[in-house]
Each structure stands twice: as structure tokens, then as C-alpha cells.
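Here are my notes on this model, point by point. Please read them with the structure open.

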Amino acid sequence: RSSDLTQYFEVLNSVLLDDIFSQLYWCVQQDNEQLARSGTNCLENVVILNGEKFTLEIWDRTCNCMLSIFKTTIPHALLTWRAAGGDNDVMSQSGMREKQLDTVSQKSVDIHETAQIRSSDNRRPTQPIIGSPTSEELHKTRPIANLPEQKLFAALLIKCVVQLELIQTIDNIVFFPATSKKEDAENLAAAQRDAADFDFHVDTQDQGMYCFLTSQQLFKLLDCLLESHRFAKAFNSNNEQRTALWKAGFKGKSKPNLLKQETSSLACGLRILFRMYMDKNRASAG
């Protein structure tokens, strides 16, 4: 348990910490969404509860662990996947059905929303537009992915979840959740003031693990965030690939996107950069 590790950290870290990181890394590599989520959550708890006691070397190992998880869970196949039999097999439906698909595919759904089925979601289903195909009809119209593709799509979906979880984990570790929200509100208020008035102060309390991380370690986390952002942006910009995945049976009622990943990774990265920019103690890091 993380509480036991915290209580006896000085004694156990040299014996158990590397094994814990290895186990958490293993968790996020499995094709199991709950296991992957548990791995990232445990990693976050271990670092938040014990980060103040980390040495420089332990922080290096922690950042390297997160970097490895990021790199191995980027769902590259989302951009490279092609139908086994070519476009003809995927688009072999009648012209009328194809027209219906193209009409509905103009809409887009975030991949992370399709992966997170929450009991608190009380939204009622929207009423279908008269003359448009119902969800049931569209489900029958879209081809069902074969078993190998179903497994591939499920694995890719889990990787998308892990990416978003890791972005939130970095944000929570560096700043703590409440601090991030508070600073977002303060920065927005400052930006809405008179543009000519540059003499404003944003309260940036040293909450979270920010003050325990070196500039190089923060830059390593930034590399993770920016790589995740670039991939999500490339996928969101590739309308043809997103449409092909949707028509091939990829999860979701409309074209998949990674908008949450694209925006949250950029927001977290900018938050780190702004904090470093305002930090006079890190003036030499630039």
C-alpha cells in the first residue's frame, strides 16, 4: 500500500521503489482499461505522497518512468491503420447508405468520452432529426470490425485513455488539482484586464511538487506533453483517417477525435512554462 511506503519510505525506497515503478509500467501496458487507470492513479499517489522525500536521482527515475509510459502508449496505429482489403471492402455498402454515413460522419466524438462509461451520465439521448437514420439503423449500416480489428481498436482505445490519464497525472503531481484550477481562473482574469497594464500579479503558491523538480526534469515532462499534443493534433487534422476508422467500426457513434488530449496536454505544458517563466529562481534555466 502507498500509505505503508510513505510511512517507511526512507527504509523501503531503495528496495521497493524500482519494483513499484516496474509494476506500474506493466499495468499500463496491458489491454485492460481498469488496470491501466489503476496504474496511473497509483503512480500519482506514490509521487504526491512521497515526492518531498525524493532525492534528485529518484526524481530522475520517476520522470524517466513517466516518459517511458508516454512513449509506449501513444496510439500510433490510429494514424497508420488501413483496412485489410482496401477501401473497397470498407465502403461496399449501397450508395444510399454511404451517403447516410458521410452525412453523420461530419459529427465528431471524443475518443476519451467513448472509453469512459460513467453511471453519473444522465444525459438523455437526443431525438433523431426527421428523415435522418436512427442510431440503430446506423449501427446496422456500419460494417462490424472483424475480431483482429476489434482487438486492435480496443487496445488503441486503452492507449488513448492512458495518454489522457498521464497528462492529468503530470498536472496533479506538479501543481495539485486545486492549484491548477485556481491558477487557470487567475490567469484568465489577468488576461481579461487592460492589455496595456502589464503590472499585474498572479498568486503562484508553491503547491504540488513543482519546487522539488529541477528545470531539466520539468523539461522532460514537457517533452512528454508536447509529443502527446503533436500526435493528437495530427490525428484531429486527419479527417480522412478519422472517417475511415469510424466507417470500419471504431468505437463511437461518429468520427473519433482526440480533442481532450490535444487541449489538456497543451494547457498543462503552458502552465509549467508560465510557472517557470515567473520563477526568478529558474532564470538560468532558459
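Which residues make the nonpolar surface patch of about 410 Å²?

1. **The nonpolar patch.** Leu226, Leu266, Leu270, Leu273 and Phe274 make this patch. Keep in mind that the model is predicted. Helix H14, residues 259-278, gives the most to the patch, with four residues. Leu226 lies in helix H12, residues 215-237. Its relative accessible area is 33%, so Leu226 counts as partly exposed.

2. **Helix H14.** This helix has 20 residues. From first C-alpha to last it reaches 28 Å, close to the 28 Å expected at 1.5 Å a residue. Part of H14 is buried: Gln261, Glu262, Ser265, Cys268, Gly269, Arg271, Ile272, Arg275 and Met276. An α-helix has 3.6 residues a turn, so residues three or four places apart point the same way.

3. Phe70 lies in helix H4, residues 56-73. Is Phe70 buried or exposed? Its relative accessible area is 2%, under the 20% cut-off, so Phe70 is buried. Leaving out residues up to four places away in sequence, Phe70 touches Gln163, Leu166, Ile167, Ile170, Cys224, Leu225 and Ser228. The C-alpha atoms of Phe70 and Asp223 are separated by 9.8 Å, yet these residues are 153 apart along the chain.

4. **Helix H10.** H10 runs over residues 147-175 and has 29 residues. Its reach from first C-alpha to last is 42 Å, close to the 42 Å expected at 1.5 Å a residue. Why is H10 described as largely enclosed by the rest of the structure? Because 21 of its 29 residues are buried. Just after H10, Phe176 takes a positive phi of about 75°.

5. **A salt-bridge network.** The count of salt bridges comes to seven. Asp18, Glu57 and Arg61 are linked in a network. The side chains of Asp18 and Arg61 meet at 2.9 Å, N to O. This pair links distant parts of the chain: Asp18 is in helix H2, residues 9-29, and Arg61 is in H4, 43 residues apart. Glu57 also forms a salt bridge with Arg61, with the closest N and O atoms 3.8 Å apart. Both Glu57 and Arg61 lie in H4, four residues apart, about one turn of the helix. Asp18 is partly exposed at 41% relative accessibility. Arg61 is partly exposed at 24%. Glu57 counts as exposed at 53%.

6. **A buried salt bridge.** Asp279 forms a salt bridge with Arg282, the closest N and O atoms being 3.2 Å apart. Asp279 is buried, with a relative accessible area of 16%. Arg282 is buried too, at 11%.

7. **The chain as a whole.** The secondary structure comes to 14 helices and two strands. Of the 286 residues, 42% count as buried. Among contacts with a separation of 6 or more, 83% join residues 24 or more positions apart. The chain exposes about 16,400 Å², and carbon and sulfur atoms supply 54% of it.

8. **Confidence.** The mean pLDDT of the chain is 76, and 64% of its residues reach 70 or more. Over residues 87-106 the pLDDT is below 50, and this stretch has 26 contacts in the model beyond near neighbours in sequence. Over residues 117-141 the pLDDT is also below 50, with eleven such contacts.

Conventions
Residues are numbered from 1 along each chain as its sequence is written. This is a predicted model: local features need pLDDT of at least 70, side-chain atom pairs count only at pLDDT 80 or more; totals for chains, interfaces and linings use all residues. Side-chain values use heavy atoms; hydrogens and water are left out. Patches are made of residues with over 30% relative accessible area and no salt bridge: like charges are joined within 9 Å, nonpolar side chains (Val, Leu, Ile, Met, Phe, Trp, Tyr) within 5 Å. Accessible areas come from the Shrake-Rupley method with a 1.4 Å probe; for residues, only the protein chains shown count as cover. A salt bridge is a side-chain nitrogen of Lys or Arg within 4 Å of a carboxyl oxygen of Asp or Glu. Buried means under 20% relative accessible area, exposed over 50%, partly exposed in between (1.4 Å probe, protein chains only). Contact means heavy atoms within 4.5 Å. The expected span of a helix is 1.5 Å times one less than its number of residues. pLDDT is the predictor's confidence in each residue, from 0 to 100.
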